[in-house]
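Thanks for coming. I will go through the cavities and then the nonpolar cores. Please have the structure on your screens.

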Amino acid sequence: MCGIFAVIGSREVSSLLIDGLRKLEYRGYDSAGIATIDNLNNDQNGQLNVTKSKGKLINLSSLIKKKPQKGHVGIAHTRWATHGKPNERNAHPHLDSSGQFAVVQNGIIENYRELSKRLKVKGIKLTTETDTEIIPHLIGLEIEESLANGLSPNEQTLLLAVQKVLAVLEGTYAIAVIWSRTPNALVVAREQAPLVLGFGEGEFFCASDTPALVGLTRTFLPLRDHEIALLTPLGIELYDDDGNRQHRAPSLLKGMELFADKRNFRHFMLKEIYEQPETAQLWIDRFLPVELPSHNPVAFPISKSILEQIEQIQILACGTSRHAGMVGGHLLEQFAGVPTKVYFASEFRYAPPPLSPNTLTIGVSQSGETADTLAALRMEKERRDSTKDANFSFHHLGITNRVDSSFGRELDNVIDIGSGIEIGVAATKTFLGQMLSFYGLTLQFASLRQKRSPQEILDLSNDLRLIPKQLSDLIKKHDSLSKDLAHLFVETKDVIFLGRGINYPIALEGALKLKEISYIHAQGYPAGELKHGPIALLDQHVPVVSLAVPGVVYEKVLSNSQEAKARDARLIGVSISGPESEMFDELFTIPKVSEWVSPLLTVVPLQLFSYHIAAHKGLDVDQPRNLAKCVTVE
Ligand code: AGP
């Protein structure tokens, strides 16, 4: 969360900074700011100018339009508040007391309280509630000392000072720094928070994520942990934390054509819901081509020798990704016979289960940058590596939409779900891509362990191949139905979602989507649990959404739905059409499919239902309050 963008070159940068932030706004949007150095007399004494604004980027951009800010170097930030309220004062960039140093930061400086005490002793008064403000002050003190020791006020002095400050910071962060006395220098560094460098023609960039580089350059290089870089109009110097110069070849951005364009859709979320048939088709073409034999049904880049050793699986993820993991857990256990547990990554880290032998750890994250998931994976690697017992080795796999992320860099085996960039904060098409990847793993394990016959493997594969067309029909049908129904729920305060078996995670996902974007309180329950407490909530004001899919638990879910209806709840079904479905007040019909593949379809009406309620309420669907697309703090 929080987006950093920075530029150095030979043209005016303030509008570039705003454009860069616009492409990163999905990372945080409660306030924003830029700092540039106006090199007034073309000497080494520029003037630092800062503009900040509370709220969406549009507020900052209109300020800049009214009062343009000069400079060929600048840093910019869009914030998701962690320390201190989202207001103009706490917005980045932050300055030191002399107003010469400006810093933007993404992450958390864990020891900022202790460091602020040190600053207080030196008579420095902090003016914000943030953990970031200490950084420009510390850099200022280092520079003061360097200049007193005879160093010149140049970019190497700045680099050295930042290196010294980084050595005392604890936490996970990425920073960008400028100094008014070095208008030809920009220093950036990373410690477990994402940061990429961009190489343009006569200008260089730094950003929290690659979308900010689109249209400026295709050549980029992700910074590694503990690295620091000095950017000048002439090039980039990269160093490790021991000050050794690093040389790595940059990469080329791919798939830029998929970059954020709403086309004719009102919101990115709706566009992304509509892209799901394509997501599914691309996934199938890549991983499930018809020519593969039943003993090797999926074209995943994971070595068979690793999978053969696996006796159990643990899945670590957060939010929607965890729901995909839960669908995966059900499939892996029930279809492929592999004992599987799914954990909240944020809980796993502090309460891990006892080590189990021959375990595959799967991390799931669309962004590949979620701090909780990364921390849980790192902790698991560390404790398994420290046993030095081959049975407890760290076998691992990542499922992500961003192979150019920390997931891609830190994990040896990664399944790229290939959903294309997702801008809406509420995950939709990436959820589908994650679920599909679990279907792939399930087929692989089921065939490897001979848990299922070749015919069963073929049946599931063929059912998956029908999904793109079924999705496309469902979206068309339920987009207009949910739009028509939306007005009925505008005043609703609570909604209960019921599902069982493989559709229980979809009930959780439906409730999460509704909460996230429409701010209506919603809970997902396993339908059988209704009578054990939540039923007390039901009356005519609390609608119940019931996922009733023919299969093992169909009759049970129908009975649970009847219990809700008997309490006057308005009953919304996601089910096949037939005599049983007459009990529903509203019905989102789904085709008759095997229960195994049903979650890929049942989630769609729930996405559209949430979307249309939020859109009808006039809410900011793509950037809901308090949320960010990429949660890089624990
Ligand atoms: C999804 O709609 C949410 N915005 C959120 O729950 C998200 O799934 C969670 O933060 C995990 O993100 P990740 O997939 O990038 O790891």
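This is a predicted model: local features need pLDDT of at least 70, side-chain atom pairs count only at pLDDT 80 or more; totals for chains, interfaces and linings use all residues.

Sorted by class, the residues lining the second largest cavity are 2 nonpolar, 6 polar and 2 charged. Its volume comes to about 70 Å³. As for who is there, the lining consists of Cys 2, Arg 79, Trp 80, Thr 82, His 92, Gln 105, Gly 107, Thr 130, Asp 131 and Thr 132.

Stepping back, there are 3 cavities of 30 Å³ or more in the structure. The largest cavity holds about 190 Å³ of space. Its lining is made of 20 residues, and Tyr 26, Arg 27, Asp 209, Ser 367 and Arg 402 are the closest to the centre.

Now the cores. The largest nonpolar core has 101 residues. Within that core, the residues that touch the most other members are Ile 362, Tyr 439, Leu 441 and Phe 445. The element that gives the most to this core is helix α18, residues 599–616, which supplies 11 residues.

Take Leu 441 as an example. Which residues does Leu 441 touch, leaving aside those up to four places away in sequence? They are Phe 300, Ile 302, Leu 332, Ile 362, Leu 397, Ile 399 and Ile 415. Ile 362, in that set, is also one of the residues I named for touching the most other core members.

Key
Residues are numbered from 1 along each chain as its sequence is written. Side-chain values use heavy atoms; hydrogens and water are left out. On a 1 Å grid over the protein atoms alone, a cavity is a set of points where a 1.4 Å probe fits but cannot get out, and a pocket is an open set with protein on both sides within 12 Å along at least five of seven lines; lining residues have an atom within 4 Å of a point. Grid points are joined across faces, edges and corners, and a volume is the space filled by probe spheres set on the points. Ala, Val, Leu, Ile, Met, Phe, Trp, Tyr, Cys and Pro count as nonpolar, Asp, Glu, Lys and Arg as charged, and the others, Gly among them, as polar. A nonpolar core is a set of buried Ala, Val, Leu, Ile, Met, Phe, Trp, Tyr and Cys residues joined through side-chain atoms within 4.5 Å. Buried means under 20% relative accessible area, exposed over 50%, partly exposed in between (1.4 Å probe, protein chains only). Helices (H or I, at least four residues) and strands (E, at least two) are DSSP runs, numbered from the N terminus. Contact means heavy atoms within 4.5 Å.
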